[in-house]
Amino acid sequence: LLKTEFRREAAKMPYSEHPVFEIRSETNEPIWRYVSIPQLLSIVESNSLWFTRSDQFDDPYEGRLPKKNRNKLASSTDIKLPQWAEVDQNMGGRNRTSLWEPVSERSEIETYRRISFINSWHQIDSELDTLWRANLRSELGVVIKSTIDKLKNSFRHTDYRVHIGEVEYIDFKHDVIDERNKLYPFIYKRKGFRHENELRAVTTTLPHEDHPGWTGRAPGERVELDWEGQPPGLYIDIEVATLIEEIRISPTTPAWVERVLSNILSQYELDIPVEKSSLAVGIGEYDFDRSDMN
């Protein structure tokens, strides 16, 4: 976001509680993320998860307000993204920032869509055939099994504040959502997506007093915001061994992949079980009685 060098020596920030993001389920319940095998290898090799910028999703309502909320906003359709953020004051070596120049509410919503990044999981008891089909575009895929607690604890060494919450599914024509915080739109989706049972981790590149880009800045100094240079996503550091409880290969992935993945994980000194999908059991493995078919 900032046209300044991002200093990696800044203090690391783990998972962070946030009033907008709620978890109502037991935190030891399973969560699942369906990925291709190349994506899995990227996670293992880089010790990071990919967070997609919110305006890069196919859903045009991502990060935006329902119809009745939008009617309260200015009627202008012009979007003017802020060009700078300003250091407000110095607080014992840390800088508090005024976020950016004043803009319309509509423009501020669009700004947040460009600085908010999301990593999604499915919060269900077990893997589902519909989710295999919806999430994978080739036969070479896996699902990562974890828990909410493990996801939280895996964010111990990141430069970003990560928030985790359950998505609520609403009617975008008739329902209204809270507007007191600009992050509220990121925990709501339309009812047509409720089969996803989504749990999402969200981070932003919002300037704040702990952000390394503000180190050494003087009060009143303006820092230019670079929208053209915004990445389509961010790699957020994690502890792979903490996050991944189990890996299951998709029902359509060849059996030999199980052995290969196990060998690769061993090379990274990761003791993570790799198993076949529970949906991959062949019908020939059962001894059916003809009466069972009636």
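A residue is called buried here when its relative accessible area is under 20%, exposed when that area is over 50%, and partly exposed in between. By that rule, 46% of the 294 residues of the protein chain count as buried in this predicted model. The chain has seven helices and 14 strands, and its accessible surface comes to about 15,600 Å², of which 45% belongs to carbon and sulfur atoms. Among contacts between residues at least 6 apart in sequence, 85% join residues at least 24 apart.

**Helix α1**

- Helix α1 spans residues 37-46, and its residues I37, L40, I43 and V44 are buried; because these four cover an arc of only 120° around the axis, they lie on the same side of α1.
- On the other side of the helix, P38 and E45 are exposed.
- The buried residues of α1 pack against several elements, namely the strands β1 (30-36), β2, β6 (141-147) and β13 (246-249), together with the helices α6 (240-243) and α7 (256-267).
- After α1 comes N47, whose phi is positive, near 50°.

**Strand β2 and its partners**

- Strand β2, which runs over residues 48-53, is mostly covered, with five of its six residues buried; β2 is also one of the elements against which the buried residues of α1 pack.
- An antiparallel arrangement with strand β12 (residues 233-237) is held by five bridges, and within this pairing F51 has L234 of β12 as its bridge partner.
- Strand β5 (residues 116-122) is also antiparallel to β2, and two bridges join them; here T52 stands opposite I118 of β5.
- In a regular strand the side chains alternate between the two faces of the sheet.

**Salt bridges**

- Side chains of opposite charge can pair when their charged atoms come close. With a limit of 4 Å between a side-chain nitrogen of Lys or Arg and a carboxyl oxygen of Asp or Glu, the count comes to 18 salt bridges.
- R53 forms a salt bridge with D55, and the closest N and O atoms of this pair are 2.6 Å apart. R53 has a relative accessible area of 10%, and because the limit for a buried residue is under 20%, R53 counts as buried.
- R133 and D129 form another salt bridge, in which the closest N and O atoms are 2.6 Å apart. Both residues lie in helix α4 (residues 129-135), four residues apart, which is about one turn of the helix.
- R200 forms a salt bridge with E198, with the closest N and O atoms 2.8 Å apart, and both R200 and E198 are buried.
- R200 and E198 also belong to a network of salt bridges that links them with E62, K189 and E196.

Definitions and conventions:
Residues numbered from 1 in each chain as written. Predicted model: local features only at pLDDT ≥ 70, side-chain atom pairs only at ≥ 80, totals over all residues. Heavy atoms only, no water. Buried < 20%, exposed > 50% of the residue type's maximum accessible area, 1.4 Å probe, protein only. Pairing = 2+ DSSP bridges. Arc of directions from axis to C-beta. Contact = heavy atoms within 4.5 Å. Areas by Shrake-Rupley, 256 points an atom, 1.4 Å probe, with all protein chains shown as cover.
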